[in-house]
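Subject: Structure handover

Hello,

Here is the structure I said I would pass on. My notes on what was found in it follow below.

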Amino acid sequence: LLTTSLNSVLIGYLAKFDGKFTKKFYNLITAALLLVGIVAALACTLVSHVFIRIMYPDTYEACRPYFLVANAGQVLYFISSTIMIVVLRFADEKYQMQMNVLYTVLYLVVVPVCTYFFQIWGLAYGILAVNLTKFLIVYFIGLWQLGKRNRLQTTSDSDGEDMDAFTRPGQ
């Protein structure tokens, strides 16, 4: 629910952004999102302690050990989706579909297997692992596409052509 709203705002800012995406800027955005993610995971964990204790006092003690891992997994999903929005600003859209298909396959393979062998801990850590994998893949796709675009810009600049900072390869 929150992801859609925040990503819509981010899309608006990216559409108006006139600057140049560099690896340094991309890494800064990623680091900021990770920092926000750490704070969000900790905040969600604290809120989970209060909310579950009040709303479900009978199950609080049983649920308590899973809060941090479960919240971290969900926050990583949010961060990955947000970084994908940024990556789509300078990369081909096909990577979004490929990432979503890969994520679905990973989820359907890893999470049930982990859950089968390690029960609820397997579910929590399986989701965390899949979302961490998604984050890393999206992050590295962004780095790769920025490097590829920068090489194309360097080549076109040396030929005397002017290339728009946001032109995607193949357009």
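Contact here means heavy atoms within 4.5 Å. This is a predicted model, so local features need pLDDT of at least 70 and side-chain atom pairs count only at pLDDT 80 or more, while totals for chains, interfaces and linings use all residues. Residues are numbered from 1 along each chain as its sequence is written, and side-chain values use heavy atoms, with hydrogens and water left out.

First, the overall layout. The chain has five helices and zero strands; helices (H or I, at least four residues) and strands (E, at least two) are DSSP runs, numbered from the N terminus. Read from the N terminus, the order of elements is α-α-α-α-α. Of the 171 residues, 35% count as buried. Buried means under 20% relative accessible area, exposed means over 50%, and partly exposed is in between (1.4 Å probe, protein chains only). Among contacts with a separation of 6 or more, 75% are between residues 24 or more positions apart. The chain exposes about 10,500 Å², and carbon and sulfur atoms supply 70% of that area. Accessible areas come from the Shrake-Rupley method with a 1.4 Å probe, and for residues only the protein chains shown count as cover.

Next, helix H4, which covers residues 67-87. The expected span of a helix is 1.5 Å times one less than its number of residues. For the 21 residues of H4 this gives 30 Å, and the end C-alpha atoms are 30 Å apart, which agrees. Because 15 of those 21 residues are buried, H4 is largely enclosed by the rest of the structure.

Leaving out residues up to four places away in sequence, serine 81 touches Thr3, Asn7 and Lys134. Valine 87 is also in H4, and its relative accessible area of 1% makes it buried. Beyond its neighbours within four places in sequence, valine 87 is in contact with Tyr26, Val138, Ile141 and Gly142. Valine 87 and tyrosine 26 are 61 residues apart in sequence, and their C-alpha atoms are 8.7 Å apart in space.

Tyr26 is one of the buried residues of H2, which also include Ile29, Leu33 and Ile52. Helix H2 (residues 23-55) has 33 residues and should span 48 Å; its end C-alpha atoms are 45 Å apart, which agrees.

On the surface, Val113, Tyr116, Phe117, Phe118, Ile120, Trp121 and Tyr125 form a nonpolar patch with about 800 Å² of accessible area together. Patches are made of residues with over 30% relative accessible area and no salt bridge: like charges are joined within 9 Å, and nonpolar side chains (Val, Leu, Ile, Met, Phe, Trp, Tyr) within 5 Å. Phenylalanine 118 lies in helix H5 (residues 94-158) and counts as exposed because its relative accessibility is 54%.

How many salt bridges does a search of the whole structure find? The search finds one, where a salt bridge is a side-chain nitrogen of Lys or Arg within 4 Å of a carboxyl oxygen of Asp or Glu. The side chains of arginine 64 and glutamate 61 meet in a salt bridge at 3.3 Å, N to O. Side chains of opposite charge can pair when their charged atoms come close. Arginine 64 is partly exposed, at 37% relative accessible area.

Regards
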